[in-house]
Amino acid sequence: NHKLTRSQWVAAIVNCKNGAVAHTTPIYIVVDGKPTYDVAKGPAIIKKQVDDINRLKNEELQKNPLDEGIIERLNTAIHFYDMLLVQMDKEKAGL
């Protein structure tokens with residue numbers, strides 16, 4: 001039994017008799033309308049992720065021919081994280 005007192009994600013892991021392991025994708029559970037992310041830890045994690053994405057983007061920009069699709073997807077990811085940071089800022093401010 002797992003009692004949920006705050007929003008979080010859960011996943012199941014199964015170890016089979018033959019040694020195989022299965023792992024589900026996360027299931028996000030919202031409690032009291034609160035987000036599943038941690039507004040205190042999230043910004044540092046996001047900064048690291050965006051730094052990694054920018055490193056990949058810079059590597060891709062050096063390639064010839066340039067794959068615009070990859071650049072577009074990396075920019076979309078950066079935009080997503082920017083929006084998430086705005087949400088976290090609002091959450092911290094109690095808005």
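## The largest pocket

The largest pocket of this predicted model is lined by Y37, D38, K41, G42, I45, I46, Q49, Y81, L84 and M88, where a pocket is an open set of points on a 1 Å grid over the protein atoms alone at which a 1.4 Å probe fits, with protein on both sides within 12 Å along at least five of seven lines, and lining residues have an atom within 4 Å of a point. Residues are numbered from 1 along each chain as its sequence is written. Because the model is predicted, local features need pLDDT of at least 70 and side-chain atom pairs pLDDT 80 or more, while totals for chains, interfaces and linings use all residues, and side-chain values use heavy atoms, without hydrogens or water.

Two or more lining residues come from each of the elements α1 (42-61) and α2 (68-93), with helices (H or I, at least four residues) and strands (E, at least two) being DSSP runs numbered from the N terminus. Of these, α1 contributes the largest share of the lining, namely four residues.

## The nonpolar core

Eight residues, I46, V50, I53, L74, I78, Y81, L84 and M88, form the largest nonpolar core, a set of buried Ala, Val, Leu, Ile, Met, Phe, Trp, Tyr and Cys residues joined through side-chain atoms within 4.5 Å. The elements that supply two or more residues to this core are again α1 and α2, and α2 gives the most, with five residues. I46, Y81, L84 and M88 are named both in the lining of the largest pocket and in this core.

A related pairing of positions is that of A77 and I53, which are 24 residues apart in sequence while their C-alpha atoms are 7.9 Å apart in space. A77 is located in helix α2, and with a relative accessible area of 24% this residue is partly exposed, that is, between buried (under 20%) and exposed (over 50%), computed with a 1.4 Å probe on protein chains only.

## Overall architecture

The protein has two helices and four strands, and from the N terminus on the elements follow the order β-β-β-β-α-α. Its radius of gyration, 18 Å, is well over the 12 Å that the globule rule gives for 95 residues, so the protein is more spread out than a compact globule; the radius is taken over C-alpha atoms, and the rule is 2.2 Å times the number of residues to the power 0.38. The C-alpha trace spans about 55 × 50 × 20 Å along its principal axes.

Of the 95 residues, 16% are buried, and among contacts between residues at least 6 apart in sequence, 45% join residues at least 24 apart. K3, found in the segment before β1 (8-10), counts as exposed at 72% relative accessibility, and the C-alpha atom of K3 is separated by 41 Å from that of E72, which is 69 residues away along the chain.

## Backbone details in the loops

Most residues other than glycine have a negative phi, and most peptide bonds are trans. D32, although not a glycine, has a positive phi of about 55 degrees; this residue is placed in the loop between β4 (27-29) and α1, and counts as exposed at 72% relative accessibility.

The peptide bond that joins N64 and P65 is cis, with omega about 10 degrees, and P65 lies in the loop between α1 and α2.

Key:
Contact = heavy atoms within 4.5 Å.
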